[in-house]
Amino acid sequence: MIADILRESARRHAHRPCVRIRSDSRFSTLTYEEVDRFVDFFAAAVIRQGIEPRQRVCIISENRPEWVISYLGTLRAGCTVVPLDSLSKPEDIRYLVRRSQARMVLSSGKFVKDLGQLEDSEEIKPVIVCFDKAESFADWLAGGENALKEGGPSERRGPEDEEAVLIFTSGTTGTAKGVVLSHRNICFDVAAVLESIPLRETDRLLSVLPLHHTLESTAGFLAPLSRGASITYARSLRSKEILADLCACRATVFISVPLMYEKIGAGIERAIAQSPAHRRLVAKLLLRFSTSAKEKLGLDAGSFLLRSLRKRAGLDCVRIAVSGAAPLPAEVQKFFGVLGVPILEGYGLTEASPVVSVNELDKLRPGSVGRPIPGVEVRIDKPDAQGIGEIMVKGDNVMKGYLESPEATARVLSRGWLRTGDLGKLDEDGYLRICGRSKNVIVTRAGKKIFPEEVETLLAGSPFVSEVMVVGAKNPISGREEVHALIYPDFEQLRIYAEENDIRLDEEQIKELVRSEIRRLCVRLSDYKRVKNFTIRNEEFPKTSTKKIRRQAVLESASAPEP
């Protein structure tokens, strides 16, 4: 059972730091023994409240120790936990609470007002407990402690295949799918991840991604918990504060998404460019030498030569960096590899608990998402001449199904195989390469397929491109489907370049600089894949809490691209 992960670690690592959060300049820490005790109190309070086994409890909050206690306490009480996205709109939160038929909601203070409307509803009225009101959460735990003293239970167990976690995928109100995961699904994935990624009890992980997201929950929470490692919760998603937190907690493990690595890398390069001339020259020479040594000789010279650069960036202790949720640009992976911080790119989806494959430290293959984790099978359905087809996954990590949607479940599950909707190929050594989403593929009149993600990853390698989304758009003259790029530029890099080259930076000049970058990068592509037109955006794309662009929202709000 999932809560057993904590129980076992508390037995083996009772006095080791378990979870930490920064308050001003200090860290507040709970040991494994303390967290386990609070989880018992929470579970006992849930049982005393009369919440029955398999009934659901929602959590809507930023990352914090109370989230951890509530999640594990709900499971220990034999109930189902429903983690909700803290960036969701109030109406979406209320809708998902009602849809899940939750008997209880744990919430940060900022959501309590929005959740208050549920109490006036004629439907099910959940108990609402606020993390930020001491008398609320503290009283709840105190009630559980009293229940234990009176001989009440703090645990209810059921079958491993019983529903444990209900996760709603990102989507607009009414369209989000509820993914049902069992204890077996998640425990299997945690154990398989630990066979692929060598976490240690001495590791210190900085938790950045939201805990409601399955990648962070499995790989950034339960996996390190299983090893007895310590987890520190970042103050925010601002790259400057993340780097400060990395440095302060001396993180050895870091799990994030490509956009975060891009921002950290850009920040390092910007710091080099703005440093005094002699330091800038030394840094560039060392980077150039380390790059050459790695590419030509296979030597990790940067591990030694660039130590001071890593230290200034807060990365000097990081030995494992993991990237997931979206394609990692090759240039970003290369930069961090030269720096001495190898990034292990992996692949997964909520329906698979979520990890399917990941690169390993001593078997890193750039451009791939590694080989399937132990116990998971991957095959390619209906591969084309290039070996590209839909990725199919089979293993004990595959979900039970979608909430109250047998039709949707039947469309993706067949004889234990999960249809992912993602396109990819397996190389001769079993490494998986992701090509894109089947619904995003652009098909030309000649029948050729273009994967937007391939072009996006290429363009993201430009220092002038902050965010990019590639779509198909009809040429109004020829009527042909062509590749169109929507680009949010890195205006700061453009400004620095303009100053260094004495260029007057206006709207037309920005377009010209971006156009030249597109031409420079797209020369590597076949002609039919090249970007024919582009649109400059003046604001960031709408994104999920894990920084993936909400493609459908962009397409719905955007006007037809101009030729």
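Student: What makes strand 3 and strand 5 count as paired, and in which sense do they pair?

Tutor: This is a predicted model, and in it strand 3 (residues 56–60) and strand 5 are joined by 4 bridges. Pairing needs at least two bridges, so 4 bridges qualify. The sense is parallel.

Student: Which residue of strand 5 stands opposite Cys58?

Tutor: Val105 stands opposite Cys58. Val105 also stands opposite Ile128 in strand 6.

Student: How do you know that strand 5 and strand 6 are paired?

Tutor: The count is again 4 bridges, between strand 5 and strand 6 (residues 127–130). At least two are needed, so the two strands pair. They run parallel.

Student: Which way do the side chains of strand 5 point?

Tutor: Met104 and Leu106 point one way from strand 5 (residues 104–107), while Val105 and Ser107 point the other way. In a regular strand, side chains alternate between the two faces of the sheet. All four of these residues are buried.

Student: Now the rings. How many aromatic pairs are there in the whole structure?

Tutor: A search finds 12 aromatic pairs.

Student: Why is the pair of Trp67 and Tyr71 called stacked?

Tutor: The ring centres of Trp67 and Tyr71 are 5.2 Å apart, and their planes are at 15°. A pair needs centres within 6.5 Å, and stacked means planes under 30 degrees apart. Both values pass, so the pair is stacked. The two residues lie in helix 3 (residues 65–76), 4 residues apart, which is about one turn of the helix.

Student: Why do Trp67 and Tyr71 count as buried?

Tutor: Buried means under 20% relative accessible area. Trp67 has 1%, and Tyr71 has 1%, so each counts as buried.

Student: What makes the pair of Tyr71 and Phe221 edge-to-face?

Tutor: The planes of Tyr71 and Phe221 are at 75°, and the centres are 5.5 Å apart. Over 60 degrees counts as edge-to-face, so that is the name for this pair. The pair links distant parts of the chain, with Tyr71 in helix 3 and Phe221 in helix 8 (residues 214–227), 150 residues apart. Phe221 has a relative accessible area of 0%, so Phe221 is buried too.

Student: Which residues do ring pairs link into a cluster?

Tutor: Phe42, Phe131, Phe137 and Trp140.

Student: Which ring does Arg20 lie over, and at what distance from the ring centre?

Tutor: Arg20 lies over the face of Phe27, at 4.2 Å from the ring centre. The charged end of Arg537 sits over the ring of Phe541, 4.3 Å from its centre.

Methods:
Residues are numbered from 1 along each chain as its sequence is written. This is a predicted model: local features need pLDDT of at least 70, side-chain atom pairs count only at pLDDT 80 or more; totals for chains, interfaces and linings use all residues. Side-chain values use heavy atoms; hydrogens and water are left out. Buried means under 20% relative accessible area, exposed over 50%, partly exposed in between (1.4 Å probe, protein chains only). Rings of Phe, Tyr and Trp (its six-membered ring) pair if their centres lie within 6.5 Å; planes under 30 degrees apart count as stacked, over 60 as edge-to-face and the rest as tilted. A charge sits over a ring if NZ of Lys or CZ of Arg is within 6 Å of the ring centre and within 35 degrees of the ring normal.
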